[in-house]
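Student: I have a model open and want to go through how it is put together. Can we start with the strands?

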Amino acid sequence: MARSIPIIDVRPLLEKCEDPRMGEDAGVLEVVRQLDKAGRGDGIFYVKGHGIPESMCQRVRDVARRFFGLPDEEKLKIKLSSSTGFRGYQTIGQNLTGGRPDKHEAIDIYKVVEPGTYGAVGAALEGPNLWPDNPADFRPLIEEYISAVKELSKNILRGIALALGGSPYTFEGERAGDTFWGMRILSYPGSTEKIVEDGVGCGAHTDYGLLTVINQDDGVPSLEAMNRCGEWIWALPIPGTFVCNIGDMLKAYSNGIYESAFHRVINNSPSDRISIPFFYETNFDAVVEPLDFCKEKTGGVAKFEPKMYGEYLLRKLHATFGIKY
């Protein structure tokens, strides 16, 4: 099993991603081979050649750091609660993983949901995102970044769809053509003492959706993933790359061919760490179940029961914030 995390140059995939015959291109097929190997391994990989300028990634980390450096009363103007559609700012310890408080501050952002879009089941996530007035450039920078990373995620998933043996458009249309994306902007405080697991920045977990794309601070090692040998391996910051990990819904669609990455964050650095994971999810109302061509590769029997993604997400969010569902 992998002792380190693979680095995949996705440029050949992105150059052909609008070509319906992309699956016939030798460069694309090499990227697809590497994505398949990563999915069948530990479910986590780096991407380079992704086309998003490093300057943009740095600017969004910088504007996040400026926000988190503000006085508490300023940050709490956009405080998250169940009445804000689970959007907004959270203090250290407000977010729970496995029922235990995480050591980070955060802002949570989701696709905007107009009232009535998903009926009663989606009512808890209705509403706009909460944007701070300060820094003044926070919203335009973040919205520009979301647009870029959402497009990148869609195109990586075209490669993953080919890797599984399907059409490059498998994760579009009724499955994820109207992705219920989300993004977290996180600040993990530095520490002058070695943090043990009890003081973990974010407890060990898998992500809910299809694919997570992480923009993390350079020079602050904190993110770890567990390989299939049960060993924790570092996802060290590498300039010019994103860390990508597979989520629970992609594992289910693949009927377990691909693994959702089990990961955690422990910041033992004296420096604060900014991390910005973008979550590319299915449609809110998608019913997720193993794909037929994946079942054929795994004995013909579905290993996962059908689940409506929006209901699954809401159960997870209520647990994350200690709110009864």
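Student: Which residue stands opposite Ile 246 in S12?
Tutor: Leu 211 does. This is a predicted model, where local features need pLDDT of at least 70, side-chain atom pairs count only at pLDDT 80 or more, and totals for chains, interfaces and linings use all residues. Residues are numbered from 1 along each chain as its sequence is written, and side-chain values use heavy atoms, with hydrogens and water left out.

Student: How many bridges join S9 to S12?
Tutor: 4 bridges join strand S9 (residues 211-216) to strand S12 (residues 242-246), and the two run antiparallel. Strands are DSSP E runs of at least two residues and helices are H or I runs of at least four, numbered from the N terminus. Thr 212 has Asn 245 as its bridge partner in S12.

Student: And S2 with S12, which way do they run?
Tutor: Antiparallel, joined by 4 bridges. Val 47 stands opposite Phe 242 there.

Student: What is the strand order in the sheet?
Tutor: S1-S2-S12-S9-S14-S7-S6-S3, an open sheet of 8 strands with mixed pairing. Two strands pair if DSSP finds at least two bridges between them. The edge strands, S1 (7-9) and S3 (88-90), each pair on one side only.

Student: Is S12 buried or exposed?
Tutor: 5 of the 5 residues of S12 are buried, so S12 is largely enclosed by the rest of the structure. Buried means under 20% relative accessible area, exposed over 50%, and partly exposed in between (1.4 Å probe, protein chains only).

Student: Which of its residues point which way?
Tutor: Phe 242, Cys 244 and Ile 246 point one way from S12, and Val 243 and Asn 245 the other way.

Student: Switching to helices. At what angle do H2 and H5 cross?
Tutor: The axes of H2 (residues 26-40) and H5 (residues 138-164) cross at roughly 80 degrees and come within 8 Å. Axes are lines fitted to C-alpha atoms, for helices over the stretch in contact, with angles from 0 to 180 degrees between N-to-C directions. That makes H2 roughly perpendicular to H5, a label for 65 to 115 degrees.

Student: Which residues make the contact?
Tutor: Val 28, Val 32, Leu 35 and Asp 36 of H2, with Ile 156, Gly 159, Ile 160, Leu 162 and Ala 163 of H5. Contact means heavy atoms within 4.5 Å.

Student: What else is Ile 160 in contact with?
Tutor: Leaving aside neighbours within four places in sequence, Ile 160 is in contact with residues including Phe 171, Leu 211, Leu 250 and Tyr 258.

Definitions and conventions: Parallel < 35°, antiparallel > 145°, perpendicular 65-115°, else oblique.
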